[in-house]
Amino acid sequence: MEELEEEHGFEVREEFMIAPNGAAKPSKRLACFLKPCVNSVKGQVFEFPSDFLSSLPPTFEPKTWRLNVNFQGWRSPQKNWRAWVEKMAPLHEYTWKKAGIYDAILNSTYEIRRNYDLIVGLAEKWCPETKSFIFCWGEATITLEDMMIAGYSVSGSPVFSLLETDELLETEEKLNQARTELTRTAARKAYQGTWLKKFMDSESEIEHEAFLVLWLSRFVLPISSRVNRVISRNVFPIGVHLAKGTRIALAPAVLASIYIDLNLFKEKIASLSVVDKWEDKDSKLEVTTWSPFQLLQMWAWERFTDLRPKPNLIKNGEPRFARWHKLMINVENVRTVLDSAQGSFDWRPYTKPLNNWKLLTFYVEKEVSVSVDGDLSEELQSFARCMRVSELV
């Protein structure tokens, strides 16, 4: 039983329980409780990590901090990308929906403008131990549910799945050859811009795979290297799988990358007190993030009403990203707003009706009991995965 509890993130103990219909008197029996859980509401339930508050800069003025942040994973659509998407979508809509990436690809055509203060304000509230933002009024965090809304599949094969058939391996080799050809040009690199020019409207037999490789390299799993904005060979197998309609679990991988970067970001913020003691006043700490932090900003905009601009109206057929296309808002002190947001924080923004945006099937008006089995729809099975303890790869 202990192994089962550890695996599924709950504990079993004997407590007084009330029947669902409320008719029976409380009776003592074994029940499962999600972790973390307590036996009483009295007393302190949670303790901040010892250095959580002391490590923050005394005033919230990020632009004056001795910290340089490079957002390498925050990519806007390059020239002609939207046109390529609009060309490929009618041809491959069925395959993209089967693979669970249709909305995610459409989302990549929108520009999310970065609010630096907001990202820093969230990063300083991040707790690496709990993988959550700790506000003075409670905890919250970006989850697999947010990745689903962004269009990434929660279910499917892992991102490191190998190609096994000769046909798939041959397609990967053709992608490798195309990449090698670009490295032999004067640029000596397979830049994303030249890759787009090479394959867009080329009628190549691997144009679809090349399109997905660019999408993965730029918007989903940007490569961490000294040379940015290049085509990553590591995503070739993923692109080949997706082009065949194979569902790949991109959501856990993307969320894991965001968590990793938030850990690093918070570590640098906590180190600023040391930097202030350096004799060289021009010296700064450097931090580079490679994950799509625009997802983090949209997570905040969906929930903190005082930190977001007035959303765009979604047109029929547009994904939810369209709400935030090319918007920006300036907030005088993000830290203060975050600390005073207890009454205005929206815990479940995706459950509310939104014009021209289709609610997912698991956002229902009244709660219902469902059995998680093979007959359940893909959406409900994915939501069930969001609710249980899982390891992010």
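Visitor: Which residues lie nearest the centre of the second largest pocket?
Guide: In this predicted model, Asp103, Met148, Gly151, Leu360 and Glu379 lie nearest its centre. They belong to a lining of 30 residues.

Visitor: And how much space lies in that pocket?
Guide: The second largest pocket holds about 810 Å³ of space.

Visitor: Which helix gives the most to the lining?
Guide: Helix α3 does, with 4 residues. At least two lining residues come from each of α2 (81-99), α3 (102-107), α5 (144-149) and α14 (378-387).

Visitor: How do the lining residues divide into nonpolar, polar and charged?
Guide: The lining of the second largest pocket has 12 nonpolar residues, 9 polar ones and 9 charged ones.

Visitor: Turning to helix α10, what should its residues span?
Guide: Helix α10 runs through residues 250-270, and at 1.5 Å a residue its 21 residues should span 30 Å. The C-alpha atoms at its ends are 31 Å apart, which agrees with that expectation.

Visitor: Is α10 mostly covered or uncovered?
Guide: Mostly covered: of the 21 residues in α10, 15 are buried.

Visitor: Now the cysteines. How many disulfides does the count come to?
Guide: The count comes to 0 disulfides, where a pair of cysteine sulfur atoms would have to lie within 2.5 Å.

Visitor: Cys127, then: buried or exposed?
Guide: Cys127 is buried, because its relative accessible area is 0% and buried means under 20%.

Visitor: And Cys136, buried or exposed?
Guide: Cys136 is exposed, because its relative accessible area is 57% and the cut-off for exposed is over 50%.

Terms used: Residues are numbered from 1 along each chain as its sequence is written. This is a predicted model: local features need pLDDT of at least 70, side-chain atom pairs count only at pLDDT 80 or more; totals for chains, interfaces and linings use all residues. Side-chain values use heavy atoms; hydrogens and water are left out. On a 1 Å grid over the protein atoms alone, a cavity is a set of points where a 1.4 Å probe fits but cannot get out, and a pocket is an open set with protein on both sides within 12 Å along at least five of seven lines; lining residues have an atom within 4 Å of a point. Grid points are joined across faces, edges and corners, and a volume is the space filled by probe spheres set on the points. Ala, Val, Leu, Ile, Met, Phe, Trp, Tyr, Cys and Pro count as nonpolar, Asp, Glu, Lys and Arg as charged, and the others, Gly among them, as polar. The expected span of a helix is 1.5 Å times one less than its number of residues. Buried means under 20% relative accessible area, exposed over 50%, partly exposed in between (1.4 Å probe, protein chains only).
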